[in-house]
Amino acid sequence: MKRLYAYAALLPLLAAGACATGPMGPPIAYGPPSGPHIFIDTPYRAADFGWSVQKGSNGIRGSSPKGYSCAGASVGLTPDGPYSRERIVKLYGSAVRADRPVSDIRSKTIGNDNADLARFVRRSRCDAQGRFSFDGLPDGGYFLIAQVSGGPEPLALMRHVVLRGGDVEAVALTMTSAPR
């Protein structure tokens, strides 16, 4: 939100002109940083994620896609709720599964992101063989996000997983498109 106000403060400067002369003479451009700016329309409500902190009997056993590895990297598990679903779709272009260059995801700025969502995100670490796991999960939907390397650039893989009734879901992360 502070960033949004900072942009609003720049509006008079932008109206006066897109650049000004710096003390040494060369023009200095004013304006927001480059990169896509997105906004979440769905309001964040902590109550939408309260279910995800309960103790459950579900689990996930995951692995990297063939030819790629998440060894040593953190894997995130975000509970599915109205806010997180819109956030995932705007970052990854899908609420089901996606693979995107990490640089593309990191270049996007969410103008009204709510940092409180992080308290509901679970983390695991990939072992040397590119495997990871989550245990004690309650019933519900989750967005599994892992960073993998092995191609020309690191990729962020996202997959939606639904757990019910004590499932231990085997999740072999796969590419949604041809290797890059």
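This is a short tour of a predicted model, stop by stop.

Before you click, note that residues are numbered from 1 along each chain as its sequence is written. In this predicted model, local features need pLDDT of at least 70, side-chain atom pairs count only at pLDDT 80 or more, and totals for chains, interfaces and linings use all residues, while side-chain values use heavy atoms, with hydrogens and water left out.

**Colour by confidence.** The protein chain averages a pLDDT (the predictor's confidence in each residue, from 0 to 100) of 83. Now select residues 1–33: the pLDDT there is below 50. Where pLDDT is low, the predicted coordinates should not be read in detail.

Five strands form an open sheet in the order E6-E11-E10-E5-E8, with antiparallel pairing (two strands pair if DSSP finds at least two bridges between them). At its edges are strand E6 (97–101) and strand E8 (122–125), each pairing on one side only. Next, pick E5 (residues 74–79) and E10 (residues 140–148), which share five bridges. Zoom in on Leu77, which stands opposite Leu144 in E10.

**Move to H2.** Helix H2 lies across E5, E6, E10 and strand E11 (155–163). Which residues of H2 (residues 82–92) are buried? They are Tyr83, Ser84, Glu86, Ile88, Leu91 and Tyr92, where buried means under 20% relative accessible area (1.4 Å probe, protein chains only).

Notes
Contact means heavy atoms within 4.5 Å. Buried means under 20% relative accessible area, exposed over 50%, partly exposed in between (1.4 Å probe, protein chains only). Helices (H or I, at least four residues) and strands (E, at least two) are DSSP runs, numbered from the N terminus. Axes are lines fitted to C-alpha atoms, for helices over the stretch in contact, and angles run from 0 to 180 degrees between N-to-C directions.
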